[in-house]
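Colleague: I have not worked with this structure before. Could you take me through how its parts fit together?
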Protein chains: 2
Amino acid sequence: MKKISENIPGYAYGGEAVSKSSISLQELEQIKISVGFTAEDERYLRLAGEVLGDQTKQIVEHWRSGIIANIPHLARHSRSPEGNPLPNYLGASNQRFQQWILDTCLRPYDQTWLDYQQEIALRHTSLKKNQVDGVQSTPHVPLRDIIAFIPVMNETIKPFMAAKGHLLADVEKMHLAWCKSLQLQISLWTGLYAKLTPNEW
Amino acid sequence: MKKISENIPGYAYGGEAVSKSSISLQELEQIKISVGFTAEDERYLRLAGEVLGDQTKQIVEHWRSGIIANIPHLARHSRSPEGNPLPNYLGASNQRFQQWILDTCLRPYDQTWLDYQQEIALRHTSLKKNQVDGVQSTPHVPLRDIIAFIPVMNETIKPFMAAKGHLLADVEKMHLAWCKSLQLQISLWTGLYAKLTPNEW
């Protein structure tokens, strides 16, 4: 499986420390149907993974430095409680963010993926945020802001999908598959937040 | 304000029976920032409202008959507990669905709009589903399926936005504004579901 580097700090995909998801594969299959996620979408996500493979650093930098850094209520989640930068935390989290782009495109959405979805969600709640990095920062990221940031990611990733000269029709299909996947993930996260930390909306 | 007909069954926008939203205008403003919702998006939503104004019936029919009707776990929410059609319920709900398209495009996102967001969300939970129509059907619509259906609506509404011969760049901007608004609404609904009925994910 393609990784952005051999050693991504705190990246535990498929590891023993990752608990089994409280959402079942059967529930996942039903959400896939609701979102209209098909085998064609899987194929176009694989293509997107190839196209984005060497651009993940730029993409995440655009999101973090170009957008999030300018929105105080979002930027604070990778800063200290006093609002000071935590460069190591941000750096590690950015590497995982990069890898998440590849995992979204290239991983099969199986039990291991579902379990890691829960792990990622947990790491945005007070149950696990800051732990793997050993930092002090905001206790959780409100779900509402995670949900709201999806269209921003959807919009801004599209030019990167078009950057390798693919036909517009193929870029559109890559993008559609990406949008479906992100909403599928949001649907899962919402369930996990509601089950685990209902007050962290 | 443009309405699809003078008398929409159960449509209570701005009415006295609608409670004040448990989400504040201040929280709404912050979510708007997270989603990147700007004055330009408002303008393009107004344009979308003009373009879609006489197409809402076709759009909702496409969603209901073309898509939802073929997905049993979604179709059941407008049927009886035994799975029989409830044409009056479906008809009334479809009219409100049509009007929601216009409200999304044309209403200012003020306290009245926020309050009605809560009313609509409530009507998908066990607290209020079926009540205004006086029917027996599923007790609630799982939030995960509402979230997951968003990309389907986003994808399928785009051709309707392009149907009046607007420049592709304008269609793209209408569509982007629409996608942001729907995710903004999902962000609100998630909060309302979590506060009101945390187990109905």
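This is a predicted model: local features need pLDDT of at least 70, side-chain atom pairs count only at pLDDT 80 or more; totals for chains, interfaces and linings use all residues.

Colleague: What rotation superposes chain B on chain A?

Modeller: A rotation of 180 degrees, with 0.0 Å of shift along its axis, superposes them with an RMSD of 0.0 Å. That is the relation of a two-fold axis. The superposition is by least squares on the C-alpha atoms of residues with pLDDT of at least 70 in both copies.

Colleague: And how many residues are in contact between them?

Modeller: In chain B, 36 residues are in contact with 36 residues of chain A, where contact means heavy atoms within 4.5 Å. The copies meet through the same surface, because 100% of the interface residues of chain B are also interface residues in chain A.

Colleague: How much area do the chains bury between them?

Modeller: About 2,800 Å², with 66% of it on carbon and sulfur atoms. Buried area is the accessible area (1.4 Å probe) that two parts lose on being put together, summed over both. Ser34(B), Gln183(B) and Trp201(B) lose the most area in chain B, together 23% of what that side buries.

Colleague: Which helix of chain B does α1(A) come within 7 Å of?

Modeller: The axis of α1(A), residues 25-35, comes within 7 Å of that of α7(B), residues 143-161, and the two cross at roughly 35 degrees. Ser34(A) and Val35(A) are among the residues of α1(A) in this contact, and Phe149(B) is one of those from α7(B). Helices are DSSP runs (H or I, at least four residues), numbered from the N terminus. Axes are lines fitted to C-alpha atoms, for helices over the stretch in contact, and angles run from 0 to 180 degrees between N-to-C directions.

Colleague: Within chain A, at what angle do α7(A) and α8(A) cross?

Modeller: At roughly 165 degrees, with axes that come within 10 Å. That makes α7(A) roughly antiparallel to α8(A), a word used for angles over 145 degrees.

Colleague: And how is α5(A) set against α8(A)?

Modeller: They are roughly perpendicular, a term for 65 to 115 degrees. Their axes cross at roughly 105 degrees, and Trp100(A) and Trp178(A) are among the residues that make the contact.

Conventions. Residues are numbered from 1 along each chain as its sequence is written. Chains are lettered from A and ligands numbered from 1 in the order in which they are written. Side-chain values use heavy atoms; hydrogens and water are left out. Angles under 35 degrees count as roughly parallel, over 145 as roughly antiparallel, 65 to 115 as roughly perpendicular and the rest as oblique.
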